[in-house]
Amino acid sequence: MHTPYRILFVCLGNICRSPLAEGVFAHLVRASGLDVRFEVDSAGTGAWHVGEPPDPRSAAVAKRHGIQLEGAARQAGAADFSEFDLILAMDADNYRELEELRESVGTPRAELALLRDFDPEARDDRSVPDPYYGGDDGFDRVFEIVHRSCVALLASLDPMEGR
């Protein structure tokens with residue numbers, strides 16, 4: 001039996017972008033029959049929303065695409081760098097905060113990257129924009145970015161998926 005590859009998606013509050021990325025990636029994994037190969041989770045760099053469900057607007061855009069968002073917000077911690085193989089930040093600020101956490105870990109297991117490092121359409125701006133203070137169209141845009149990035153991420157982790 002092989003150990004699943006563990007991925008953690010991280011945004012600021014863990015109610016908009018990172019639960020959406022977790023849900024999209026989990027959906028893609030299930031659709032590809034790769035459930036046993038991956039485990040996914042999400043977290044936030046801040047603690048404001050700990051215990052809360054995903055933002056209703058993230059849940060709505062996911063539902064329109066046949067994806068159910070589950071779970072409750074939690075804050076990322078230093079232990080995540082020992083428990084996960086890959087931690088993906090949604091933006092540069094999240095990345096910097098995660099780098100600081102990572103420095104507190106002796107020998108971190110997890111690699112750290114930006115989700116949009118996998119986005120074939122990303123240019124100079126590698127951040128997934130935070131839609132929290134905007135309208136519903138921002139959540140649609142974030143879904144497109146997250147979906148495109150997650151498809152490419154899965155293909156990079158499972159080369160047979162790219163065929």
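## Surface and charge

The chain exposes about 8400 Å², and carbon and sulfur atoms supply 49% of that area. Accessible areas come from the Shrake-Rupley method with a 1.4 Å probe; for residues, only the protein chains shown count as cover.

This is a predicted model: local features need pLDDT of at least 70, side-chain atom pairs count only at pLDDT 80 or more, and totals for chains, interfaces and linings use all residues. Residues are numbered from 1 along each chain as its sequence is written, and side-chain values use heavy atoms, with hydrogens and water left out.

The 17 positive charges (Lys and Arg) and 29 negative charges (Asp and Glu) have mean positions 4 Å apart.

## Overall form

The chain has 5 helices and 4 strands, in the order β-α-β-α-α-β-α-β-α from the N terminus. Along the principal axes, the C-alpha trace spans about 40 × 40 × 35 Å.

Of the 163 residues, 45% count as buried, that is, under 20% relative accessible area. Among contacts (heavy atoms within 4.5 Å) between residues at least 6 apart in sequence, 75% join residues at least 24 apart.

## Helix H5

Buried residues of H5 include Phe 139, Phe 143, Ile 145 and Leu 153. The buried residues of H5 pack against strands E1 (5-11), E2 (38-44) and E3 (86-89), and against helices H1 (17-31) and H2 (56-64).

Notes
Buried < 20%, exposed > 50% of the residue type's maximum accessible area, 1.4 Å probe, protein only. Helix = DSSP H or I, 4+ residues; strand = E, 2+ residues; numbered from the N terminus. Charge placed at Lys NZ, Arg CZ, Asp CG, Glu CD.
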